[in-house]
Amino acid sequence: MYRVAINGYGNLGRGVERALDIAPDMECVGVFTRRNPETVKTYGAPVFSIDQLQDFSDKIDVVINCGGSATDLQTQTPQVAKLFNVVDSFDTHAKVPEHFAIVDAAARENGHTAIISSGWDPGVFSMIRVLSESVLPQGRSTTFWGRGVSQGHSDAIRRIEGVLDARQYTVPVESTVEAVKAGEEVELTPRTMHTRECYVVAEEGADLERIEHEIVSMPNYFADYNTTVHFISADELAEKHSGIPHGGQVIRTGSTSEGVNHSIHFELTLDSNPEFTGSVLVATARACTKKSQAGSTGAYTMFDVTLGELSAHSAEDLRAHSL
């Protein structure tokens, strides 16, 4: 049994615990939190202070970091990589190379293994893009996200002063989706592909104009999109936006010779973004541990992970039943 620790216990941490409960070869050592452990209610996993994590060096095979990309993971993952094997779901695409380099140095120096940016995008979608482009080298890949709640973008809004809670929906521009599916030439920019809808609960007396400006001008998150901000009550947020659905699609169109065209279409429809992301992280934690046991150190991404490493089945079972 692979021994797994959960670092952070928000929506994603709860999703990871759910996934660990049904993983046949993994067990949850515990949840480690910055909050008072007595106030954290899990589905059954024991809860410890994050200050106790280093005391578990001989009891943990891999740590799954469940913080947000905006402020947490850039510091948490390198710190944890000095002590343990670790995986995270860092999803700020523009900063992935920088994050990779920092984590790689920390993990390699201390003989540990790290896999960053695991989830469904970046993560599963990243793998599909590379697979599709490898099979159809002459063509075009397009990724659409939503309609759904982005945990990272929602978290980024909640970090703004004066914001109590928020949900951010990523919404594909349907006319662009249909044009891509039809193989038409269409301008593909962040603004023509997606819109962003933000539902925000602000503190009483907060400067709503300032909050809206900080949202729509936030680099890497909202500045390049048509973004709409709605200020609503906590009751309305709970009533209409309590779920965390998401999804998306990767479309690859290409040709293998003149007049011979092909299309690869991969789509996800998710009832719960954090539960699905948690499931991907658990599979990646399995791969991380296997890599560590094989003597591989440093940082990796999903491009460096084999399907056999992700799977709970043996190589013999995979050849017999899945090939």
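Select Thr 176 to begin. Leaving aside residues up to four places away in sequence, Thr 176 touches Phe 144, Val 186, Leu 188, Thr 192 and Met 193. The model on screen is a predicted one. Thr 176 sits in helix α6, which covers residues 174–181. Is Thr 176 buried or exposed? Its relative accessible area is 4%, and under 20% counts as buried, so Thr 176 is buried. Leu 188 is twelve residues from Thr 176 in sequence, and the two C-alpha atoms are 8.0 Å apart in space.

**The whole chain**

Zoom out and show the chain as a cartoon. The protein chain holds twelve helices and 14 strands. Along the principal axes, its C-alpha atoms fill a box of roughly 60 × 55 × 35 Å. A compact globule of 323 residues would have a radius of gyration near 20 Å, and the 21 Å of this chain agrees with that.

Colour the residues by burial. Of the 323 residues, 50% are buried. Switch to a surface view: the accessible surface is about 15,400 Å², and carbon and sulfur atoms account for 49% of it. Next, colour the charges. There are 26 positive and 44 negative charges, and their mean positions lie 3 Å apart.

**The seven-stranded sheet**

Go back to the cartoon and select β1 to β6 together with β14. These seven strands form an open sheet with parallel pairing, in the order β3-β2-β1-β4-β5-β6-β14. The edges are β3 (47–49) and β14 (298–300); each has a single partner strand, so one side of each has no neighbour in the sheet.

Strand β2, residues 26–33, pairs with β3 in the parallel sense over three bridges. Show the residues here: Val 31 stands opposite Val 47 in β3.

Select the loop between β6 (113–115) and α4 (124–135), where Pro 122 is found. The peptide bond from Asp 121 to Pro 122 is cis, with omega near 5 degrees. Ser 117 lies in this loop between β6 and α4 too. Ser 117 is not a glycine, yet its phi is positive, at about 55 degrees. Its relative accessibility is 7%, so Ser 117 counts as buried.

Most residues other than glycine have a negative phi, and most peptide bonds are trans. Keep that in mind for two further stops.

Select Arg 147, in the loop between β7 (139–145) and β8. The bond from Gly 146 to Arg 147 is also a cis peptide bond, with omega near 5 degrees.

Then select Asn 220, in the loop between α8 and β11 (226–231). Asn 220 has a positive phi near 70 degrees and is not a glycine. How exposed is Asn 220? With a relative accessible area of 45%, Asn 220 is partly exposed.

Select β8, β9, β10 and β11. They make an open sheet in that order, β8-β9-β10-β11, and the pairing is mixed. At the edges are β8 and β11, each pairing on one side only. Strands β10 and β11 run parallel and are joined by six bridges. Look for Arg 196, which stands opposite Thr 227 in β11.

Six of the eight residues of α5 are buried, so the helix is mostly covered. The buried ones are Gly 152, His 153, Ser 154, Asp 155, Ala 156 and Ile 157. What do the buried residues of α5 pack against? They pack against β8 (148–149), β9 (163–172), β10 (194–202) and α8 (208–216).

**Last stop: Arg 286**

Select Arg 286, in helix α10, which covers residues 273–293. Arg 286 is buried, with a relative accessible area of 5%. Show what surrounds it. Not counting residues up to four places away in sequence, Arg 286 touches Tyr 2, Ala 23, Pro 24, Asp 25 and Met 26, as well as Glu 309, Leu 310, Ser 311 and Ala 312.

Note on methods: Residues are numbered from 1 along each chain as its sequence is written. This is a predicted model: local features need pLDDT of at least 70, side-chain atom pairs count only at pLDDT 80 or more; totals for chains, interfaces and linings use all residues. Side-chain values use heavy atoms; hydrogens and water are left out. Helices (H or I, at least four residues) and strands (E, at least two) are DSSP runs, numbered from the N terminus. The radius of gyration is taken over C-alpha atoms; the globule rule is 2.2 Å times the number of residues to the power 0.38. Buried means under 20% relative accessible area, exposed over 50%, partly exposed in between (1.4 Å probe, protein chains only). Accessible areas come from the Shrake-Rupley method with a 1.4 Å probe; for residues, only the protein chains shown count as cover. Lys and Arg count as positive and Asp and Glu as negative; His and the chain ends are not counted. The place of a charge is taken as NZ of Lys, CZ of Arg, CG of Asp or CD of Glu. Contact means heavy atoms within 4.5 Å. Two strands pair if DSSP finds at least two bridges between them.
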